[in-house]
Each structure stands twice: as C-alpha cells, then as structure tokens.
Amino acid sequence: MQKKVLITGGAGFIGSHLADELIEKGHQVRALDNLSEQVHGPKVKRPEYLNKQVELQIGDVRDRKAVDKALQDIDAVFHLAAMVGVGQSMYQIKDYTEVNNVGTAVLMEALMEKPVEKLVVASSMSIYGEGLYLDSRGNQHVECERKLSDLKKGNWEMYDDNGEILEPAPTSETKKPNLSSVYALSKYDQERLSLISGKAYNIPTTALRFFNVYGTRQALSNPYTGVLAIFASRLLNNNPPLIFEDGKQKRDFIHVKDVARACRLAMETPDADGKVFNIGSGNRYTIEEIAHKLAEVMGKAHIKPEITGKYRVGDIRHCSADRARAKEILGFEPEVDFKEGLHELAEWLKTQIATDSVDKASEELSSRGLTV
Ligand code: NAD
Ligand code: UD1
C-alpha cells in the first residue's frame, strides 16, 4: 500500500537514494533537511540529484516546530539526519551531541504526540567498537581494544594476553557495544532512544546498523565524510590519498542502493519491529586496497596513496558484518558487486568537482592531539 514517508536527512547521500527507492515503489516522500553547509556547500539550495518528486522541507531536526510540520500526514519515518564524521566528533562534541542525540529526542517527543506506523533509524557499525576476533584455537574475543602505547609504536593489530595476533571475524548484532568515539556514542543513543520510546508509545521501530556505505552523491568536499569519498576528492585534485595506520585495517563496504533497499525492507517487515540489524556486505577490504582500486577505476593509478603511519583517535582496526539476521528476517542480501559499484562511482566522479580540504582537516585533528 502506498505510504507517505518522511526521511530526516533526506537530501543527503543515503537519504536521497532511499527517496529514489521509495518513489520507485510508489510511495510519496517528504524530506526534512537543514542542508548543512559541510555536506551541501555554502549555498542553501536543493541538491540537483534529489528526486524531483521529493517534497523538501528545509529545517532542523532539533527544531520542534519544523519537525511537527514535517510529520503532518506522515505514515512512516526514516531518521537519517546526523553529523557523520568520527574524527570531527572528537572535538565538536557539543554539535554532535545536539544534532544526533538531542535531534533524535526532539523527533521522539514529536512522535509521542503523533505516532506513526513505522520508524526506521540509521544506526551504525561504529557502536561495536572493534568487531569480533578469533584466536588460533577458535576462541572468541569480544572486548578488544588497542592500547595507545601500542599504537604509538605502530603495533596496529589486535593481540590476546599472550601476544598472539587475533583474526577478525563477522560481527553479529549480539556483540556488546563498545563505544570508542563521540560519534559512536551518539549513534547508540539514537538507536536506543528510538527503540525505547518506540516501545513505550507503540511505534513499531527498527534500527539498522549500517557498515561503510559508498556510492554516488557522497559529499566529496566534506573532509569528514567516508573514506572512499575522501580518497575520490584527493584523486580528483591529483593528490595522493592519505592512509592512516599501515593501510591494512579492514572495513565492510556496502553500496548505497543496497542500503536503500534494506531500509525499505525494514519498513515493510513487521517481524523487524523492535529489532536491530547489521546492514553490510560481509566483504572485507583493506583501506590500502580500496585506495588502489579507486585510483585504478578513476584512471589515476599513477597516483600512489601515502601511508602516513598515523592513528586517528576513535578509529577501530577491523569490523565486518554477520549478515545472518538481516537475511533471515528482512530477506535482505546485498546485490551490488564491489567492482561494479566502484565503476559506477568512477563514472559519476567524472562529472564532479571537489574541493580537497583534507590537509586542513588533518591539521585540525593533529593540533588537538587527535592523531597519534
Ligand atoms: P550525509 O551527511 O550525506 O546525510 C546526512 C543529512 O542530514 C545531510 O543532508 C545533512 O544536511 C542532514 N542534516 C545534518 N544535520 C541536520 C539537522 N540538524 N537537521 C536536519 N538535517 C540535518 O550522511 P549519510 O552518509 O547519508 O548518513 C545518513 C545516516 O546514516 C546518518 O545517520 C549516519 O550516521 C548513518 N550512517 C552512515 C554511514 C555511511 O557510511 N555513510 C554508515 C553508518 C551510518
Ligand atoms: C564510517 C562512517 C560512519 C559510519 C561508519 C559505519 C563516515 C565519515 N563515517 O566510519 O558514519 O557510522 O562508517 O560503518 O562516513 N581513513 C584513511 N584516510 C582517510 C580517511 C579514513 O586512512 O582520509 C581510514 C580510517 O582511519 C579508517 C577507515 O579509513 O580506518 C575508514 O574510515 P571512515 O570512512 O571514516 O569510516 P569509519 O570510521 O569506519
């Protein structure tokens, strides 16, 4: 049945793809987005990529009046509005807490008075901290954390108490959160606030823990966005991608169209109510590998990434998704092959101009002691 859907943060990277997915399935979409300058640039103007059928309301998720207006006649809400940079969250603590935590609180108070049929909230794999690790005997290690003293010596991997190196394994939703950045704390807060108040006020709620999302429309000039967009911006400006640590840290990259489909499935699946799901591809790539792959598809293989040997405070070493629950309950399986996804990204990049502010962002982190 056709629904009228609100997407907070609906003018952003994931939100705009979700809007396309929902419109294609016959739903009506409204977006509430403040067109934040860091993401959309200094001119407050509707992004060209945003589907023409989206009703865009420019407003802040912290502003109760704007939220009430956006909720009028709405059946389902996707809550995506957030500040998204792990590194930046470590010094803009107030802004991250206001937008992510308080913004969600404002939305939940508005929903208390005007419940909807379904709420889907964007959580993040960052809440796990380190993913799950196994030792050579197959024992699970669930509370891994790296010591600053090891990181200072360039010992990047995870070790057990006997000094044995641990291997990363798929992380399931049952792993206890271990929050290692202000951003992660705020995502956990968003997830829990939504689930707790959703239950209290009879609003069927689902939280999706996205892994590293990539694809077209990711804000290229935002030096605090995801690593693939940052590397793309560097390469477009003929600068080498700057890699933290030794580049062997692994992440689970999932295409934005797969994420959009997972969001829709969460809305449509009553069995998903009250639950959290990992939304990842299950595939792990090292950051060095993706720097090379991206340079290659962009025809810039001659620009070699620079391995800085620096550590960004708040970063984890490895994490990838156990996809079993999402497959069983949502019927979700990723469809976009990484190589095809990168080619699509490269085609889009040909049409884009990016301001490379990475050096400035790196200085901001190092001047505060947030890189080691
Ligand atoms: P994005 O920055 O492209 O989109 C976020 C949107 O929210 C932007 O359009 C921005 O203008 C808007 N926004 C920011 N502050 C706002 C405010 N106060 N009021 C209203 N709108 C506001 O980021 P994205 O990658 O599309 O992320 C969407 C969601 O997914 C976020 O909640 C993020 O934490 C989560 N997430 C993203 C990833 C990823 O890899 N991109 C992974 C895990 C979780
Ligand atoms: C990302 C998202 C976060 C999301 C999480 C979930 C962003 C900014 N962060 O965090 O919103 O919740 O995934 O999966 O989109 N790196 C470099 N050089 C750079 C930038 C990054 O080497 O210039 C490295 C980092 O040190 C890290 C890896 O790349 O090891 C990934 O970084 P990033 O893209 O910021 O992702 P996450 O921190 O995993």
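Before anything else, a polar contact here is a pair of N or O atoms within 3.5 Å; within protein, one must be able to donate a hydrogen and the other to accept it, and residues adjacent in sequence count only if both atoms are side-chain atoms. Housekeeping next: this is a predicted model, where local features need pLDDT of at least 70, side-chain atom pairs count only at pLDDT 80 or more, and totals for chains, interfaces and linings use all residues. Residues are numbered from 1 along each chain as its sequence is written, chains are lettered from A and ligands numbered from 1 in the order in which they are written, and side-chain values use heavy atoms, with hydrogens and water left out.

Let's start with H141. Its side chain makes a polar contact with the side chain of D135, at 3.0 Å. H141 belongs to strand β7, residues 140–141; helices (H or I, at least four residues) and strands (E, at least two) are DSSP runs, numbered from the N terminus. Skip the neighbours within four places in sequence, and H141 is in contact (heavy atoms within 4.5 Å) with G131, L132, Y133, L134, D135, D160 and L166.

Now, ligand 1. Which residues come nearest to it? Of the 29 around ligand 1, they are I14, D33, H40, Y183 and K187, where being around a ligand takes a heavy atom within 4 Å of it. A nitrogen of ligand 1 is 3.0 Å from a side-chain N or O atom of D60, and an oxygen of the ligand is 3.1 Å from a polar backbone atom of S36. On its own, ligand 1 exposes 830 Å², and the protein buries 94% of that; those areas come from the Shrake-Rupley method with a 1.4 Å probe, and for residues only the protein chains shown count as cover. Strand β5 gives the largest share of this shell, three residues.

On to ligand 2. Here there are 23 residues around the ligand, with S124, Y183, V227, L242 and D315 nearest. A polar side-chain atom of S124 is 2.5 Å from an oxygen of ligand 2. R312 has a polar side-chain atom 2.9 Å from a ligand 2 oxygen, and for Q249 the figure is 3.2 Å. Taken alone, ligand 2 exposes 740 Å², of which the protein buries 93%. Two or more shell residues come from each of α8 (227–236) and β11 (242–243), and α8 gives the largest share, three residues.

Last stop, a helix pair. How are α5 and α7 arranged? Helix α5, residues 93–113, packs with α7 at about 10°, their axes 9 Å apart. Axes are lines fitted to C-alpha atoms, for helices over the stretch in contact, and angles run from 0 to 180 degrees between N-to-C directions. So α5 is roughly parallel to α7, since angles under 35 degrees count as roughly parallel, over 145 as roughly antiparallel, 65 to 115 as roughly perpendicular and the rest as oblique. Among the residues meeting there are Y96, N100 and T104 in α5, and Y183, S186 and Q190 in α7.
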